[in-house]
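Try each task before you read on.

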Amino acid sequence: MTTIEGAGAFTTSGTLTHTHTTQVDEHTVFYREAGDPSKPTILLLHGFPTSSHMFRRLMRDLAGDFHLVAPDMIGFGFSDAPQVQGFEYSFKHLTEITVKFIDQLKLDKFAVYIMDYGAPIGLSIASTQPERVSALLVQSGNAYLEGFTPFWDILFAHAKDRPANEAGVRKYFLPERTKWQYTFGVPEDRLNRLSPETWTLDQTLMERPGNTEIQLQLFWDYQFNLDLYPGFQEYFRTHLPPTLITWGKNDPIFGAEGAKAYLRDLPDAELHLLDGGHFALETHGDEIADLIRDFLTRKAG
């Protein structure tokens with residue numbers, strides 16, 4: 001485990017976030033870490049098309065009370081992004097790498113924050129190793145069919161017929177669509193909380209040579225996550241993990257019905273529908289941090 005050369009720590013309000021890399025299966029995994037490792041751990045799993053960068057403020061806000069670890073998935077952020085011809089880009093494989101990563105860091109017990117792509121990865125870990133997961137922190141991460149919006153129509157069509165629908169999927173990689181993921185559904189009075197470096201960084205990294213093919217492959221592979229949903233739901237019913245749901249009610253990608261569906265199997269889950277969009281942390285980060293701090297103190301302390 002090494003700290004990236006030239007990448008130090010930054011200080012805000014007495015907290016520190018460090019950037020590191022480690023090797024997993026001969027691939028470099030970049031991750032951010034904050035807080036005291038002797039305190040309860042939160043594993044933060046990002047979505048598309050972003051990276052651990054989405055958690056930068058949350059880590060700052062919670063570092064005084066928790067130990068936080070946020071890896072970049074292979075193909076995202078500052079982790080390795082091998083070409084599709086030499087790497088299996090599937091959610092199953094990304095889950096396997098994440099398990100090896102947390103084993104390397106000896107994260108034996110943790111709450112897991114799942115968002116977007118992070119949901120099938122985090123829930124696969126939780127449902128197969130329930131003893132390791134102290135709580136679920138859910139933001140726009142589906143485990144039920146109800147959460148899919150029309151955004152997914154072309155993606156599910158692509159899953160059935162790639163050649164006929166690839167051109168439509170490629171439009172999702174355009175700069176205006178990346179920015180749209182951040183801005184859609186955000187109330188007028190919160191638009192000034194958005195930072196343009198978020199979608200600019202996401203877009204810059206997505207435009208690396210070969211990355212479009214990586215994202216096309218993962219979009220195609222997403223269909224197999226739906227087969228895991230019954231197992232996730234059985235895990236909820238059997239183990240009743242403490243669950244906090246903070247979800248943008250105007251999310252155009254994973255709709256609010258997906259948030260409400262969790263309550264079928266987790267009736268004691270705490271649900272907060274925020275007046276925001278897909279990247280609710282950007283506009284409601286203070287509220288989410290307060291909710292997490294209170295929830296984990298009460299439910300998983």
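**Exercise 1: The two sides of a helix**

The face of helix 9 turned away from its buried side carries the exposed residues Pro230 and Thr238. Exposed means over 50% relative accessible area, buried under 20%, and partly exposed in between, with a 1.4 Å probe and protein chains only. Helices (H or I, at least four residues) and strands (E, at least two) are DSSP runs, numbered from the N terminus. The model is predicted: local features need pLDDT of at least 70, side-chain atom pairs count only at pLDDT 80 or more, and totals for chains, interfaces and linings use all residues. Residues are numbered from 1 along each chain as its sequence is written, and side-chain values use heavy atoms, with hydrogens and water left out.

Task: Which residues of helix 9 are buried?

Solution: 
- Step 1. Find helix 9 at residues 229-239.
- Step 2. Pick out its buried residues: Tyr229, Phe232, Gln233, Tyr235 and Phe236. They share one side of helix 9, because they cover an arc of only 150 degrees around the axis. The arc is that of the directions from the helix axis to the C-beta atoms.
- Step 3. Recall the rule: an α-helix has 3.6 residues a turn, so residues three or four places apart point the same way.
- Step 4. Look for the cover. It includes helix 3 (118-128), strand 8 (133-139) and helix 10 (256-265). Contact means heavy atoms within 4.5 Å.

**Exercise 2: Two packed helices**

Task: At what angle do helix 2 and helix 3 pack?

Solution: 
- Step 1. Take helix 2 at residues 91-104. Its angle with helix 3 is about 60 degrees, and the axes are 9 Å apart. Axes are lines fitted to C-alpha atoms, for helices over the stretch in contact; angles run from 0 to 180 degrees between N-to-C directions.
- Step 2. Classify the pair. Helix 2 and helix 3 are therefore oblique. Under 35 degrees counts as roughly parallel, over 145 as roughly antiparallel, 65 to 115 as roughly perpendicular, and the rest as oblique.
- Step 3. List the contact. Helix 2 gives Phe91, Leu94, Thr95, Thr98, Val99 and Ile102, while helix 3 gives Pro120, Ile121, Ser124 and Ile125.

**Exercise 3: Backbone exceptions**

Task: Where is lysine 106, and is it buried or exposed?

Solution: 
- Step 1. Lysine 106 sits in the loop between helix 2 and strand 7 (110-115).
- Step 2. Lysine 106 is exposed, with a relative accessible area of 65%.
- Step 3. Its phi is near 55 degrees, a positive value in a residue other than glycine.
- Step 4. Compare the general rule: most residues other than glycine have a negative phi, and most peptide bonds are trans.
- Step 5. Check the peptide bond from phenylalanine 48 to proline 49: it is cis, with omega near 0 degrees.
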